[in-house]
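Hi,

Here is the structure I said I would pass on to you. Have a look at it first, and then read on for what turned up.

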Amino acid sequence: MDKNTALYLSQFAMLTVAHILAVMSPGPDFAVIVNQSVRHGQRIGIITALGIGCGLSLHVIYTLFGIGILLVTHDWAMTIAKLIGAAYLLWMGIGLLRAQPAASPLHDPNIVMPDTPSARKAFLRGFLTNATNPKVTLFFLAIFTTIVSAETPLTIQALYGLWLCFSTALWFTFVAVMLSRPAVRKAFLRLGHWFERIMGGVLILFAIRLLWDEVDS
């Protein structure tokens with residue numbers, strides 16, 4: 001194994017570990033996957049997970065082409081990014097807080113909810129949830145600048161980014177499959193509107209945190 005190959009494998013391993021720790025921590029992506037999977041089932045949950053993975057590609061592009069540095073070094077750019085992210089989370093959160101009990105109790109875990117989104121809408125929800133989160137851009141910028149050498153070719157860095165997008169989609173697909181199991185969905189269908197309101201509150205808290213970070217900075 002030559003010196004460069006060893007360096008790239010080392011960088012890959014460190015990026016993977018840092019990313020796994022980050023992606024497994026609770027955040028807006030996780031809250032959305034929980035809601036989509038237990039309410040609408042495995043198919044919609046997986047499509048949402050794929051959207052999240054693709055949304056991550058924007059942060060990778062920002063980082064590779066230096067746009068992430070623009071966000072960090074220009075306060076106005078970061079402020080705009082945070083406001084967009086917070087507005088989207090607030091919009092989703094308020095919508096979930098307004099959830100009402102089903103007209104008639106639903107107990108079949110295989111039920112298709114009347115408001116089940118299309119595949120396109122599910123993918124877009126996952127995509128936008130991740131893409132509008134400026135904290136993800138900051139995370140990528142931090143790990144790439146501290147772990148990846150400036151001498152690492154752009155093609156190798158792009159492969160790192162593709163792997164991180166894929167592993168993100170894989171993780172949330174796993175979460176979607178686990179949460180859409182019949183026993184979990186059956187429990188949700190009994191108390192669905194309360195569950196949605198809790199998820200809405202969680203998303204609103206994430207939005208408030210984004211705005212608070214902006215005020216505090």
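Before the details, one term: two residues are in contact when heavy atoms of theirs lie within 4.5 Å. Also keep in mind that this is a predicted model.

If you skip its neighbours within four places in sequence, Leu-15 is in contact with Ile-143, Phe-144, Ile-147, Val-148, Tyr-160 and Leu-164. Leu-15 also belongs to the largest nonpolar core, which has 15 residues. Leu-15, Phe-140, Phe-144 and Tyr-160 are the ones with the most contacts inside that core. Four helices each supply at least two of its residues: H1 (3-23), H3 (42-64), H7 (134-147) and H8 (154-179). H7 gives the most, with five residues. Apart from this core lies another one, of 12 residues, including Val-34, Leu-96, Leu-203 and Ala-207. As general background, nonpolar side chains in soluble globular proteins tend to be buried together.

Next, have a look at His-19, which sits in helix H1. Is His-19 buried or exposed? It counts as buried, because its relative accessibility is 5%, and the cut-off for buried is under 20%. Its side chain makes a polar contact with the side chain of Thr-168, at 2.6 Å. Again leaving aside neighbours within four places in sequence, the residues in contact with His-19 are Leu-56, Phe-139, Phe-140, Leu-164, Ser-167 and Thr-168.

Now the cysteines. How many disulfides are there? The count comes to zero. For a disulfide, the two sulfur atoms would have to be within 2.5 Å. The closest cysteine sulfur to that of Cys-54 is in Cys-165, and it is 7.5 Å away, so it is too far for a bond.

Last stop: Arg-120, in helix H6 (residues 119-131). This residue is exposed, because its relative accessible area is 64%, and the cut-off for exposed is over 50%. Arg-120 and Ile-44 are 76 residues apart in sequence, yet in space they are 9.7 Å apart, C-alpha to C-alpha.

Happy browsing!

Terms used
Residues numbered from 1 in each chain as written. Predicted model: local features only at pLDDT ≥ 70, side-chain atom pairs only at ≥ 80, totals over all residues. Heavy atoms only, no water. Buried < 20%, exposed > 50% of the residue type's maximum accessible area, 1.4 Å probe, protein only. Core = buried A, V, L, I, M, F, W, Y, C linked by side-chain atoms within 4.5 Å. Polar contact = N/O pair within 3.5 Å; in protein donor to acceptor, adjacent residues only side chain to side chain.
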